Amino acid sequence: MTQKFTTVSNHPIEALYTADSLPSDWSIETYLGQPGHFPYTRGVHETMYRGKVWTMRLFSGFGSAEETNARYKYLLDHGQTGLSVAFDFPTLMGYDSDQERSLGEVGKCGVAIDTLADMEVLFDGIPLDQVTTSMTINGPACVLLALYLGLAEKRGVPWSKIGGTIQNDCLKEFIAQHAWCFPPEPSMRVVVDMIEFCTKEVPKWNTVSISGYHIREAGSTAAQELAFTIADGIAYVQACVDRGMNVDDFAPRLSYFFNAHNDFFEEIAKYRAARRMWAHIMKERFHAKNPRSWLCRFHTQTAGCTLTAQQPYNNVVRVALQAMAAVLGGTQSLHTNSLDETLALPTEETARIALRTQQIIAEETGVTNTVDPLGGSYFVEKLTCELEAEAYDYIKKIDDMGGMLAAIDLGYPQGEIANASYIYQKQLESNEKIVVGVNDFLVDENPPIPLLRIDESLQVSQSKKVAKVKSERDPKKVEATLAALKKACAGTENVMPRLIDCVRAYCTENEMISTMQSEFGLHTDPAMF
Amino acid sequence: MKKQTKKIRVLIGKPGLDGHDRGAKVVARALRDAGFEVIYTGLHQTPEMIVNAALQEDVQAIGLSILSGAHMHLFQRVMELLKEKNATDILVFGGGIIPDEDIIALKKVGVSQIFTPGTATTEIIDWLAKSAS
């Protein structure tokens, strides 16, 4: 049997790369440039980590707002530099904790948030003008942003002073993550409303975190992750331009979010290709003039799908290597997974190890001492070019279909991802690809490790909180603000000011979302496999 | 892999609000390729929707995938509904992010098998072919 040398995404790899491997027109000036300069292949900043190391931002949230607030303070005390909120599934899907659809789910996968009262607890003692907050929320992103802005207002922090990111990437929900509230078209309209609103009112807020992470977790290849994510980015920019916005007014606040999977060099090449592609697309396709509009700034999370339940301590090693790829690829912020996440949400101890992993890379390994240490490697440069070419082929196909909304409607990206994930599964089962501890290097027994458990009674206590808020608020204000929201949804008025009014009146998340759904309709999974 | 001679009908379901469908889709496709008749519910199903679909489609087995931590509630509700509808002959199995101690509890309420992360699809196919025939 001839051994095949391929990446985890089945991309063929040569025995040796030399100057002859590079494209015939390859030059440092056109393909690389200097760090901090077009086309940004070598990084978005001139000094990179010599100036400032990446933001260490662990995605966390579980149980009640009180418990999650305590975890945030614990992580900040241990040197974390930004917050990242994980919401539970009812919150992600626009349901309140006291609804039947929320049974069994409250606080399980993240923190349960229903009203402004929960946000007040979640961020208690955390200065909103001093930390940046990332919120992983998409379908109801508009509501959670309104809640955060409502909280800032209540605390007397001007919106111009708050910084952070809301994921708000509805397209990848239809492609991969599936936490939607409205059908694709109204979802896009709301995203554009939010970008328009923040551009004027919340200038330091990153309005969309265009996310490849979930596309990769759903089973895509590295090139598909790159291609579909950038195609989503193109769709958002186009939608804002179609609304009449000036590209340089909003594009600097778009950011990206990529996966850090196992294949070390393929991942590094992916990040470098993403920067170069986005710079060219923004400059040449959208005629952006402000260099900040050309920047593909991104967050990275190590790949949850690579963690194994078998011999779970091996996951610490996987995460460290994946995190190293993200750093060598020039990430702006990083989440490292905890070793126990194939079994449950992380405990305090495993979350600390994940944070320490980043600190070891930053403080001990020396990789931050110089900018883009791998730039100019024949292999890395060639792989960067190949991933870029493969991604441009996909983007051309999607353009020919009429753009990403049309491609999603055809099930194109969904189908490509499902095929790739099935091929990978078959390769594992034939031992063509090896996962240590799963299909090779096994042990007889996997002794249990301590796991975080979420109290099943949380649903009851959280429902009581919702009832308390409802009994204390002014029902007339609730009715009036929801009616104004409905009217905005029916017409073309921006929904954000209306949502902030609803938040001030202590409307619940589901009151706002179901009001919007009454105008926008619902979306159901086409159930293809 | 041996093709099934008599086709076993199986419903693959995604109960609850969890959107992680990679595993469900891979298992659905592997079972179909192995000769099973597979009905996939799609995402965001209630236990009621799943049990109704199982009865309407006259399946011999229901496979549930849950990665959101809501498995205790959702599996138990499916088992209750099957009992109410006198359909406890339908085999229920599942997979996802499910700790060992919960697997013991789920088996006590009648769930036949839970496949944890890293399971080969061939293992699921062999188990189902043996258990449902």
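Colleague: Which residue of β4(A) is the bridge partner of V85(A)?

Modeller: This is a predicted model, where local features need pLDDT of at least 70, side-chain atom pairs count only at pLDDT 80 or more, and totals for chains, interfaces and linings use all residues; side-chain values use heavy atoms, leaving out hydrogens and water. Residues are numbered from 1 along each chain as its sequence is written, chains are lettered from A and ligands numbered from 1 in the order in which they are written. Strands (E, at least two residues) and helices (H or I, at least four) are DSSP runs numbered from the N terminus, and β3(A) runs parallel to β4(A), residues 132-136, over four bridges. The partner of V85(A) there is M135(A).

Colleague: And which residue of β3(A) stands opposite F59(A)?

Modeller: Strands pair if DSSP finds at least two bridges between them, and β2(A), residues 59-60, joins β3(A) in the parallel sense over two. Opposite F59(A) stands S84(A).

Colleague: Are the residues on the two faces of β3(A) buried or exposed?

Modeller: In a regular strand, side chains alternate between the two faces of the sheet. Here L83(A) and V85(A) lie on one side, S84(A) and A86(A) on the other. With buried meaning under 20% relative accessible area, exposed over 50% and partly exposed in between (1.4 Å probe, protein chains only), all four are buried.

Colleague: How many residues of α5(A) are buried?

Modeller: The buried ones include C142(A), Y148(A) and G150(A). Helix α5(A) spans residues 141-155 and is largely enclosed by the rest of the structure, because the buried count among its 15 residues is 12.

Terms used: The expected span of a helix is 1.5 Å times one less than its number of residues.
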